[in-house]
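I am opening a new notebook page for this structure. I will look things up one by one and jot down what I find.

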Amino acid sequence: MEKTDYKNVYVFVEQRNGEIQSVGLELLGKARDLASVLNEKVIAILAGDQVKKHAQYLIEMGADEVICMDAPELKDYLTEQYSQAIYQMVQKFQPSILMFGATTIGRDLAPRLAARLGTGLTADCTKLEISEEGELMMTRPAFGGNLMATIMCTEHRPQMSTVRPGVMQKMTRDANRKGTVIDFAPNFDSSKFKVKLLKEVKEDKNAVDIQAAKILVSGGRGVGCAEGFKKLQALADVLGGQVSSSRAMVDAGVMPHDRQVGQTGKTVRPNVYFACGISGAIQHLAGMEESDYIIAINKDKYAPIFQVADLGLVGDLNKVIPLLTEKLAKEIQK
Amino acid sequence: MKIVVCIKQVPDTTEIKINPATGTLIRDGVPSIMNPDDKGGLEMALRLKDQYGAEVTVITMGPPQAEAILREAFAMGADRAILLTDRAFAGADTLATSNALAGALKCIDYDLIIGGRQAIDGDTAQVGPEMAEHLQLPQISYVTNVEYDGKKNLTVKKETENGYQMLSVEMPCLLTVLATANKARYMSVAGIMEAFDKEVEIWTADKIDVDRAKLGLSGSPTRVKKSFTKAQKGAGETFEVDAEEAVNIIISKLKEKHII
């Protein structure tokens with residue numbers, strides 16, 4: 001392998017049922033940063049059936065080129081179909097960096113491809129940077145978020161990573177951006193297609209997208225029960241936000257898993273994060289510490305949440321929250 | 001049916017704490033357990049065995065003390081246990097680990113390989129799919145249920161972000177399973193008694209079918225450059241005041257930040 005033959009920052013942009021997934025756009029945003037340091041291009045990989053219509057959108061969201069693979073075989077995500085397509089694309093285009101969202105698709109596809117390509121892969125990264133030598137530095141949490149590790153893949157190409165959704169920031173859409181669209185038709189070996197999709201069932205569990213909320217009112221053990229969460233909901237309603245939860249209240253069955261913030265839940269970065277009765281275990285902090293402004297309300301003045309909060313109030317949330325809701329409602333009406 | 005379940009011994013990461021003075025992990029006294037997703041995979045295999053009859057082999061790669069989880073698997077109902085242990089495996093990243101395990105699998109008869117989705121110490125979810133590629137097997141990850149038609153086919157439920165998929169796959173194949181797929185059985189008393197009479201087979205790198213250059217640190221394309229505990233951002237202001245005053249402070253800050 002000649003390292004210098006491998007160039008540019010490639011992003012696999014996930015689509016589901018023909019809809020571009022947010023994480024792909026986040027990766028395009030990050031890829032722009034990396035590509036500008038390297039003085040290289042950002043190239044989006046768009047795979048599906050009749051998805052070419054999205055190519056211009058990806059250019060407006062940061063891609064310089066879009067490699068478009070339109071084929072009936074790629075309509076729904078299936079491991080082998082997608083592995084064949086992207087493997088062939090990698091062989092032809094030789095990416096230096098290849099990124100995927102750390103989703104159920106990206107985390108199924110990327111390791112399969114990494115093994116086929118015989119290269120390294122770093123899972124679920126939360127930070128990507130370029131070293132002085134122009135190598136990719138991939139940082140990720142390990143040991144349940146207790147430890148961060150920076151990983152490199154200096155002797156193999158492409159340098160592959162999956163990136164946690166909700167961590168990187170999208171570019172603002174720029175309708176004036178120009179780019180090129182390249183059609184690429186993989187040759188499929190259908191004798192290897194051994195898995196068939198029988199049906200896909202949507203469940204309501206992701207009806208609320210806490211990652212998209214600008215304001216989150218989050219509750220922990222200190223909130224105690226479903227009744228307590230109603231008070232948080234009232235505050236969220238006044239502010240146009242959503243209610244989220246720590247793991248404790250999800251495990252207790254009070255809140256659904258799709259509302260869980262943290263290492264085993266979702267990573268969020270709202271403009272304001274209210275941490276109500278949340279002590280601030282490291283696994284929880286891992287999911288919310290990038291929030292712009294953190295307001296913590298907790299009875300225990302030694303709770304670790306106060307170490308990351310921008311504004312901490314030591315007090316009883318059962319008193320503070322309803323009063324805050326009432327006063328805010330008046331303020332907003334003014 | 002012959003089923004091989006890949007399991008890993010991990011520190012119980014929910015018990016790990018950081019030493020605030022040194023910023024390092026405190027591992028002393030942290031118990032070692034069978035990785036939860038792997039236990040879900042083992043339970044899935046044992047249920048197939050209960051229902052259809054199967055020979056269940058468990059395999060782990062690790063230091064000699066990893067034998068403990070193989071004994072536990074015996075006590076739950078596994079029939080055969082293999083410990084892959086050799087200094088040649090040390091320092092392996094996921095690719096080198098998958099090469100070692102695939103090399104061992106090439107020496108075992110199987111219809112179905114089951115692994116956990118991911119281990120709680122590394123959280124990569126990469127070893128299963130990488131093994132499947134080395135063995136040229138179809139894979140399904142994030143599995144929470146499996147039904148067997150009694151012949152060659154499995155119907156598999158895979159969790160996704162938006163719901164689930166039902167997939168069909170012909171054996172041989174590889175599945176990676178979530179801990180939430182089932183509630184793993186406890187070890188039985190008789191099982192515990194027997195577990196210590198059964199033989200754990202010890203396999204070294206010489207015993208398996210693999211190119212030695214693909215093992216251990218030298219077979220690992222990735223390198224950990226540094227590891228560190230997260231620098232916490234500095235604490236902001238904290239006030240210990242009555243509710244009325246607290247609310248006034250919050251509202252003035254929200255105004256200052258142009259939130260309201």
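**Entry 1**

I looked up B:Asp123 and found it in the loop between strand E8 (112–116) and helix H4 (127–134) of chain B. Helices (H or I, at least four residues) and strands (E, at least two) are DSSP runs, numbered from the N terminus. B:Asp123 is not a glycine, yet its phi is positive, about 55°. Is B:Asp123 buried or exposed? I noted 10% relative accessibility, so B:Asp123 counts as buried. Buried means under 20% relative accessible area, exposed over 50%, and partly exposed in between (1.4 Å probe, protein chains only).

I then checked B:Ala125, which is also in the loop between E8 and H4 of chain B. B:Ala125 has a positive phi of about 60°, and it is not a glycine either. At 7% relative accessibility, B:Ala125 is buried.

A note on what I am reading: this is a predicted model, where local features need pLDDT of at least 70 and side-chain atom pairs count only at pLDDT 80 or more, while totals for chains, interfaces and linings use all residues. Residues are numbered from 1 along each chain as its sequence is written, chains are lettered from A and ligands numbered from 1 in the order in which they are written, and side-chain values use heavy atoms, with hydrogens and water left out.

**Entry 1: cis peptide bonds**

I looked at the bond between A:Arg157 and A:Pro158 and found it cis, with omega about -5°. A:Pro158 lies in the loop between strand E10 (147–152) and strand E11 (159–163) of chain A.

In chain B, the bond from B:Met171 to B:Pro172 is cis, with omega near 5°. I found B:Pro172 in the loop between strand E11 (163–170) and strand E12 (173–177) of chain B.

**Entry 2: a sheet in chain A**

In what order do the 7 strands of the open sheet in chain A run? I wrote down E7-E11-E6-E1-E4-E5-E12, with parallel pairing. Strands pair if DSSP finds at least two bridges between them. The edge strands are E7 (121–125) and E12 (180–183) of chain A, and each pairs on one side only. On average, neighbouring strands of this sheet are turned by 25° against each other, direction ignored. Axes are lines fitted to C-alpha atoms, for helices over the stretch in contact, and angles run from 0 to 180 degrees between N-to-C directions.

I picked one pairing to follow. Strand E1 (residues 7–13) and strand E6 (residues 95–101) of chain A pair in the parallel sense over 4 bridges. There, A:Tyr10 stands opposite A:Leu98 in E6(A).

Next I looked for helices on the sheet. Helix H3 (residues 79–93) of chain A packs on it, touching E1, E4 (42–48), E5 (65–70), E6 and E12 of chain A. Contact means heavy atoms within 4.5 Å. The direction of H3 makes about 140° with that of E5(A). Helix H4 (residues 106–117) of chain A lies across E1, E6, E7 and E11 of chain A, at about 170° to E11(A).

**Entry 3: aromatic rings**

How many aromatic pairs does the structure hold over all chains? I noted 6. Rings of Phe, Tyr and Trp (its six-membered ring) pair if their centres lie within 6.5 Å; planes under 30 degrees apart count as stacked, over 60 as edge-to-face and the rest as tilted.

A:Phe12 and A:Tyr82 are edge-to-face, 6.1 Å centre to centre, with 85° between the planes. A:Phe12 lies in strand E1 and A:Tyr82 in helix H3 of chain A, so this pair ties together parts 70 residues apart in sequence. A:Phe12 is buried at 3% relative accessible area, and A:Tyr82 is buried at 2%. Ring pairs link A:Phe12, A:Tyr77, A:Tyr82 and A:Phe100 into a cluster.

**Entry 4: cysteines**

A:Cys125 is buried, at 0% relative accessibility.
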